[in-house]
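Visitor: I have a protein model to look at and some questions about it. Could you walk me through the answers?

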Amino acid sequence: MNELEEGTRLTLDFDKLAGVAATGARVVPVVLQDATSGDVLFIGYANDQALKATLEEKIAVLWSTSRNELWRKGATSGDVLALVDVRVNCEQNSLLYLVNRTTGGACHTKDASGEARPTCYYRSLTDADTLRPVN
């Protein structure tokens, strides 16, 4: 079992943004939201190249901060996110991709039945240190 992704102990990565900044990558955060249900699927990052590809290809394309490359969501998993709309916040420092899931999944993790989870937000805090799965 992967404790980070499946465990019940809270271990937030408070260094993530500092790590992204240290690479010099010019990115903005992207909230990916199911256009129908309103569920927040996950948060990623986009640079100008990823945003351009998203608009041209009409699918969620992000910038992988861990691999330093374009990431077409679903290219390997099949869980493509079809683009409905791109919105920008008031300060123009983050984006919202409204998407439709082409399969049931959006997260790279799997549930107990082996299916991709529909959102990356599948655990809830019970106290300052403990997580519990949500339905």
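**Core, hairpin and loops**

Guide: Gladly. Keep in mind that this is a predicted model. β3 and β4 run antiparallel, joined by 4 bridges.

Visitor: Which residue in the turn between β3 and β4 has a positive phi?

Guide: The two strands form a hairpin, with 4 residues between them. Most residues other than glycine have a negative phi. In this turn, the residue with a positive phi of about 55° is N68.

Visitor: Is Q92 buried or exposed?

Guide: Find the loop between β5 and β6, where Q92 sits. Q92 has a positive phi of about 55°, although it is not a glycine. Its relative accessible area is 65%. Exposed means over 50%, so Q92 is exposed.

Visitor: Where is K58 found?

Guide: K58 is not a glycine, yet it has a positive phi of about 60°. Look for a loop that leads from a helix to a strand: K58 is in the loop between α3 and β3.

Visitor: How many residues are in the largest nonpolar core?

Guide: V30, L32, L41, L81 and Y97 touch the most other members. Elements giving two or more residues include β1, β2 and α3. The core's residue count is 17.

Visitor: Which feature does UniProt place at residues 43–113?

Guide: Over this stretch the chain is 14% helix and 38% strand. The end C-alpha atoms are 24 Å apart. The unreviewed UniProt entry names the feature "domain: Phosphoribosyl-AMP cyclohydrolase".

Terms used. Residues numbered from 1 in each chain as written. Predicted model: local features only at pLDDT ≥ 70, side-chain atom pairs only at ≥ 80, totals over all residues. Heavy atoms only, no water. Core = buried A, V, L, I, M, F, W, Y, C linked by side-chain atoms within 4.5 Å. Buried < 20%, exposed > 50% of the residue type's maximum accessible area, 1.4 Å probe, protein only. UniProt positions renumbered as here; feature names shortened; annotations may be inferred. Pairing = 2+ DSSP bridges.
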